[in-house]
Amino acid sequence: MNGIKKTSSIFLQCIIGVEVLILITAFPVLFANLTIDIKAYCHAIYELNIKVFTLGDFLTADGTNSLFPFIFDRYFESMKILGLGIVAACLIAFLITYLALILFRKRIKAIKYVLELAESIPDLMFILLLQMAVILIYQKTGIKLAQVVSVREKTVLLPVISISIPISFYITKVLILHIEEELEKQYITLAKAKGLSFPYILNFHILRNIADGLFGNSKTIFWSMLSTLLVVDYLFNMNGLLRVMLTGIDPFIIGCILIFVPFFILYRIYEWISFDNRKDIG
């Protein structure tokens, strides 16, 4: 019974979220022709609701072709880049964190300062420098490290690097801060007194206990990477989902739903499971 109640709650929240997206999508109509047209805005909201909840005909920007299945191809292509970027960013962050805490703990303040500096570099500048570096290496050596722009071949490596490395600095900083806070707790002193090694304590105690804290930062990480993905779409000529979304109202609302609904459900399920686990432990 409790499961049905929670499922119904997630479904209702999801519907409300989609409705908010519809209100946002129709918002430009409200200020069409530099006047506030509430009637046209309400009509646009009504039309979008009918389309979304009856699975009506959604068209591309030119108004002549169906948006499906074209937008699904763009969606899965963009989610592949985003997914690989998330995995790469987490691996880089965990590697830097492990090296910093296990091998360079005495220089942790200097490492955090370097992370702050690296994090301050604009994503656009990093991507442009990365592209220039690959081009210069090719001009000087003839070695093509990666595809710089998608023309006939789709570039994957550079886009993944572009969205993963900048955010990995932030993830590393958050990891170190959470671990440092955890190291001050009493159970860590007890674990050390028992003769447990620092790597063992880190892997089997600290990381498990900071999981919820890291989850709290995951939304910031996700939206940051999503915004970088839009820049990557343009600079690497990928014609991905986010670029397609900006071509019209129909692509925008469908793209928003394709991004929002799966991730919203995943977050809610995690929160559901995490809350039940904490309740059982308590």
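Start by selecting R74: leaving aside residues up to four places away in sequence, R74 touches K154, N239, G240, L241 and V244, where contact means heavy atoms within 4.5 Å. Before you go on, note that this is a predicted model, in which local features need pLDDT of at least 70 and side-chain atom pairs count only at pLDDT 80 or more, while totals for chains, interfaces and linings use all residues. Residues are numbered from 1 along each chain as its sequence is written, and side-chain values use heavy atoms, with hydrogens and water left out.

**Stop 1: around R74**

R74 lies in helix α4, which runs over residues 70-102. Helices here are DSSP runs (H or I, at least four residues), numbered from the N terminus. A salt bridge is a side-chain nitrogen of Lys or Arg within 4 Å of a carboxyl oxygen of Asp or Glu.

**Stop 2: the loop with two asparagines**

Now follow the contact from R74 to N239. N239 sits in the loop between α10 and α11, and N237 is found in the loop between α10 and α11 (241-245) too. Look at the backbone: N237 has a positive phi of about 50° although it is not a glycine, and phi of N239 is near 55°, also positive in a residue other than glycine.

**Stop 3: a cis peptide bond**

Next, select F68 and P69. A cis peptide bond joins the two, with omega about 0°. P69 lies in the loop between α3 (38-53) and α4.

**Stop 4: salt bridges**

Side chains of opposite charge can pair when their charged atoms come close. How many salt bridges does a search of the whole structure find? The search finds eight. Here are some to visit:

- **E119 and K173.** The closest N and O atoms of this salt bridge are 3.0 Å apart. E119 lies in helix α5 (residues 108-119) and K173 in helix α7, so the pair ties together parts that are 54 residues apart in sequence. E119 is partly exposed, with a relative accessible area of 28%, whereas K173 is buried at 15%.
- **E182 and K185.** Their side chains meet in a salt bridge at 3.3 Å, N to O. E182 counts as buried at 7% relative accessibility, while K185 is partly exposed at 41%.
- **R268 and E271.** The closest N and O atoms in this salt bridge are 2.8 Å apart. Both residues are in helix α12, three residues apart, and are separated by about one helical turn. E271 is partly exposed at 28%, and R268 counts as partly exposed at 25%.

**Stop 5: L235**

Move to L235 in helix α10. L235 counts as partly exposed, at 26% relative accessibility. Leaving out residues up to four places away in sequence, L235 touches L124, I127, L128, Q131 and V149. For a sense of scale, select L12 as well: L235 and L12 are 223 residues apart in sequence and 38 Å apart in space, C-alpha to C-alpha.

**Stop 6: the largest pocket**

Finish by selecting I86, C90, L214, S218 and I221: of the 16 residues that line the largest pocket, these are the closest to its centre. On a 1 Å grid over the protein atoms alone, a pocket is an open set of points where a 1.4 Å probe fits, with protein on both sides within 12 Å along at least five of seven lines; lining residues have an atom within 4 Å of a point. About 400 Å³ of space lies in the largest pocket, a volume being the space filled by probe spheres set on the points, which are joined across faces, edges and corners.

Which helix gives the most to the lining? That is α10, with seven residues. Colour α4 (70-102), α7 (157-183), α10 (211-235) and α12 (249-281), each of which supplies at least two residues of the lining. By class, the lining has 14 nonpolar, two polar and no charged residues. Ala, Val, Leu, Ile, Met, Phe, Trp, Tyr, Cys and Pro count as nonpolar, Asp, Glu, Lys and Arg as charged, and the others, Gly among them, as polar.

Technical notes. Buried < 20%, exposed > 50% of the residue type's maximum accessible area, 1.4 Å probe, protein only.
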